[in-house]
Amino acid sequence: MSRAPAWTAHVASQRSAATTGGTTRVKVWLAPRDAAGLRALAASVSDPASAQYGRFLDTAQYAARFAPSAATVSAVGSWARGAGLHVDAVGTDRHFVEVSGSRSAVSTAFTAGLQTFTLDGHTGTAPTTAVTVPDALGGQVLAVTGLDTVTHRTTPAQEGGRGTSTTSSASPSDLGPPAGFVNSTTCGAYYGQKVDRTDPAFEGKHLPYSVCGYTPKQLRSAYGVTATKRTGKNETVAITDAFAAPTIEEDANTYATRHGDKAFRRGQFSQANDTTYDPAKVEECGGNGWFGEETLDVEAVHGMAPDAKVAYYGAASCYDDDLLNSIARVVHDDKASVISNSWGEPTYVVVDGVKTPTIDDALVQAYESVILQGAVQGIGTYFSSGDDGDEGANTGVVSPDWPAADPYVTAVGGTALAVDKNGQRRFETGWGTEKYTLANGAWDPAGYLYGAGGGCSSLFTKPFYQQHTSTGCAMRGVPDVAMDADPTTGMLVGETQVFDLPTRFGQGVRYGEYRIGGTSLASPLMAGLQADVQQTRGRIGFANPMLYRLGKRSGVFHDVRPEGDAGNIRVDYVNGANADDGTAATVRTFDQDSSLTTGRGWDDVSGVGSPTAAYLRAASGR
């Protein structure tokens, strides 16, 4: 059914996982009935050029036509029990059957040859032989996930500011408030308000200090939401992340009211969290290290669409099959029409100099079985494009991230946005940062830091909606669209944290605010903006065919190109909390994103560009 992960051939195993204790839980993903018909319908209902455009199904109609049958579920369950495994659960719309057992039993049942490996400092299990199921089930099973616990861990795509105090006592694994971080006050309320004339000029110019963090009001204004008077009324946006911060709603309400917006009204925010936490996975995933991501996602969506409902779905872990299960739950509930996912993983790793993929066709099919259901129901799935540029420096392989590269996903790239004192876009260029530090009275290059993910996939062919777009390659190009992501021009967020040192927010467990970025900001911003579009037109569904169609019109998107300042001066507290140990100034450049570049038309940093008021009007038909 699927081969062993390619990387296992280049890493020495430590021992047979079957000889070690513990319970192993896996998900057996089932093939939809009429997979070809599902794929065809997803394309036709999403394409503005199709007569079926916008004729979406509801969950019951999907289940009647495409969901795996009850007989298939029963057959998988019977076989699993006969192999000595326990059937734990059946996924929504019968997407999977979850089974568990001893590692030995699981390894034998799937002929997996489970072994224990350590890769990049992380220890887990992985198959060493082809994973199989009985021939009678072969055509009905897409993939088995949970056998490889070395890779398939996702990380939130947030960057630039979420640090920790040097003496933090907050434990990531306890799922309590995370360690605190405080931005210095050497920053501007809007772009260019303050210029650094104390430090040396950079490339002949004294640069502005970074912004303190844009507020939702500034972002709504810059992207045309204010001009169109949209608020996302009657729409619902879903967010998936790992775990769930206990103070998400409280923090979002505090943040909104502090910055002139309304708190969530009763019933406007909801949570549907899978709290079957495995303590080992909580530790592996960094636990409350996800809480800043969740806070950002909720506050960004609420900020861009203040009247939209926000539904948070917390996964049981950061492993991609648990997160995919959260997307499946969103799609089954069918209340949200936009899903923002600010997480992902590299497509490749390099082991002993050999490039090996971390995903395979079976996993892709499992993902697409859920994402395509969403598409035929009018639900758009948005993913951050990643924060490591072309991934070359991070993994040694130039490639876009997964799942952003999937052709049925809307990949949201990142920009550096300058918002002036009137709330207008002064310029918007690519997010890609080279860092410079002061040394002997001059700016000394410290190398590439981070930038928006993108590039050409080596796994997915060029989809129909990109056929007439110059992407520079014959394969799927990433991203599709972009919004603000540069941490230097990032958004201000508010979160309950643990401040071990005295700060301007107090000491101990306190609410505090800081600036943050990453394409994990861009994705929820875009999701919220799409809710504003849908306010007057109804569901968009899978947005890419519409985005590329509108991208051919002049002025609908801001064409992201090299423009504006070379960068900004960022000043940080050395201890991450206050000025007692001094501050450090660095230059953070704009539009230097590894091998990725911005330019006229589509590019591999920003896709077709960033939204404008003209986009909101054109996409809504008004």
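Predicted model: local features only at pLDDT ≥ 70, side-chain atom pairs only at ≥ 80, totals over all residues.

Reader: What makes helix 12 largely enclosed by the rest of the structure?

Author: The burial count does: 14 of its 16 residues are buried, so the rest of the structure largely encloses helix 12. The helix covers residues 361-376 and bends by about 25° at Glu 368.

Reader: Which residue caps the N-terminal end of helix 12?

Author: That is Asp 360, with a side-chain oxygen 3.2 Å from the backbone nitrogen of Ala 362.

Reader: How do you know that Cys 285 and Cys 318 form a disulfide?

Author: Their sulfur atoms are 2.2 Å apart, and the cut-off is within 2.5 Å, so the pair qualifies. Cys 285 sits in helix 9, and Cys 318 in the loop between strand 11 and helix 11, 33 residues apart.

Reader: Why is the disulfide of Cys 285 and Cys 318 called left-handed?

Author: Because the torsion about its S-S bond is about -80°. By contrast, the link of Cys 187 and Cys 212 has 95° about the S-S bond and is right-handed.

Reader: Why is Cys 187 called buried, and why is Cys 212 called partly exposed?

Author: Buried means under 20% relative accessible area, exposed over 50%, and partly exposed in between. Cys 187 has 5%, so it counts as buried, while Cys 212 has 25% and therefore counts as partly exposed.

Key: Residues numbered from 1 in each chain as written. Heavy atoms only, no water. Helix = DSSP H or I, 4+ residues; strand = E, 2+ residues; numbered from the N terminus. Expected span 1.5 Å × (residues − 1). Bend = angle between axes of the 7 residues up to and from the residue. Buried < 20%, exposed > 50% of the residue type's maximum accessible area, 1.4 Å probe, protein only. Polar contact = N/O pair within 3.5 Å; in protein donor to acceptor, adjacent residues only side chain to side chain.
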